[in-house]
Amino acid sequence: MCVIMCDDHKMAKLLLLFILVPATELALLIEIGSRIGTINTLLLIVVTGVLGASLASRQGLAVLRQIQDETVRGQMPGSAIVDGVIILVAGIVLMTPGILTDILGFLCLIPATRSLIKGQLRQMLERAVRNNRARVVVNMGSSETQDHGPNDQDQSWPPSFPHH
């Protein structure tokens with residue numbers, strides 16, 4: 001079981017993000033539509049959505065195989081799981097209409113930029129844990145040990161992931 005708890009002071013930033021990003025995307029799509037036409041803009045949205053979903057699906061399946069392989073070898077697939085989450089987010093944002101989200105989504109599907117993103121996420125989480133803004137508890141035991149508090153099977157965050 002993995003639990004992440006963060007402060008609520010980020011809520012205003014998230015709300016702003018959910019207003020500014022769609023408004024910016026809409027403005028960009030209107031501008032592009034005025035330059036290349038409505039039909040071409042709609043085709044662009046459909047093509048990037050289909051292409052993004054296809055690429056994310058292929059990469060997601062490859063990561064699932066990697067997770068299975070690492071698990072069979074008795075290794076913790078931490079890095080592969082993070083890759084999988086980033087690829088999932090990429091697939092979601094690529095299927096939403098927008099230019100900025102498409103750029104972000106395609107960047108998440110490029111292994112080199114995904115590695116940079118993983119490094120940034122790790123640093124952000126480490127800083128949040130260090131500053132007591134986030135707490136992560138990972139219980140590697142059975143469900144019977146969950147309610148008995150920390151034990152020798154609990155691991156603190158962040159675990160050390162191999163850097164690729």
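A residue is called buried when its relative accessible area is under 20%, exposed when that area is over 50%, and partly exposed in between. K118 has a relative accessibility of 16%, and therefore counts as buried. The model discussed here is predicted.

**Salt bridges around D83**

- A search of the whole structure finds four salt bridges.
- One of these joins the side chains of R114 and D83, with a distance of 3.2 Å from N to O.
- This pair links distant parts of the chain, as R114 belongs to helix α5 (residues 111-130) and D83 to helix α3 (residues 78-95), 31 residues apart.
- R114 and D83 are both buried.
- D83 has a relative accessibility of 11%, which is under the 20% limit, so it counts as buried.
- The side chain of D83 also meets that of K118 in a salt bridge, at 3.3 Å from N to O.
- Because K118 lies in helix α5 and D83 in helix α3, this pair ties together parts that are 35 residues apart in sequence.

- E126 and R122 form a salt bridge in which the closest N and O atoms are 2.8 Å apart.
- Both of these residues, E126 and R122, lie in helix α5, at a spacing of four residues, or about one turn of the helix.
- E126 has a relative accessible area of 22% and is therefore partly exposed.
- R122 is likewise partly exposed, because its relative accessible area is 23%.
- Through salt bridges that share partners, D83, R114 and K118 are joined into one network.

**Packing of helices α1 and α2**

- Two packed helices are described by the angle between their axes and by the distance between the axes.
- Helix α1 (residues 11-36) packs with helix α2 (residues 38-72) at an angle of about 125°, and their axes are 7 Å apart.
- The angle of about 125° therefore makes α1 oblique to α2.
- On the side of α1, the contact is made by L29, I32, G33 and I36, and on the side of α2 by T38, N40, T41 and I45.
- The residues of this contact between α1 and α2 comprise four nonpolar, four polar and no charged.

**Nonpolar cores**

- In soluble globular proteins, nonpolar side chains tend to be buried together.
- The largest nonpolar core has ten residues in all: A56, V63, I67, A80, I86, I87, A90, L94, C108 and L109.
- Helices α2, α3 and α4 (99-109) each supply at least two residues of this core.
- The largest share of the core, five residues, comes from α3.
- C108 touches I86, A90, T113, R114 and I117, when residues up to four places away in sequence are not counted.
- Another core, of five residues, lies apart from the largest one and includes L125, A134, V136 and V138.

**I103 in helix α4**

- I103 is found in helix α4.
- The relative accessibility of I103 is 47%, so this residue counts as partly exposed.
- I103 and V93 are ten residues apart in sequence, and their C-alpha atoms are 9.2 Å apart in space.

Note on methods. Residues are numbered from 1 along each chain as its sequence is written. This is a predicted model: local features need pLDDT of at least 70, side-chain atom pairs count only at pLDDT 80 or more; totals for chains, interfaces and linings use all residues. Side-chain values use heavy atoms; hydrogens and water are left out. Buried means under 20% relative accessible area, exposed over 50%, partly exposed in between (1.4 Å probe, protein chains only). Axes are lines fitted to C-alpha atoms, for helices over the stretch in contact, and angles run from 0 to 180 degrees between N-to-C directions. Angles under 35 degrees count as roughly parallel, over 145 as roughly antiparallel, 65 to 115 as roughly perpendicular and the rest as oblique. Contact means heavy atoms within 4.5 Å. Ala, Val, Leu, Ile, Met, Phe, Trp, Tyr, Cys and Pro count as nonpolar, Asp, Glu, Lys and Arg as charged, and the others, Gly among them, as polar. A nonpolar core is a set of buried Ala, Val, Leu, Ile, Met, Phe, Trp, Tyr and Cys residues joined through side-chain atoms within 4.5 Å.
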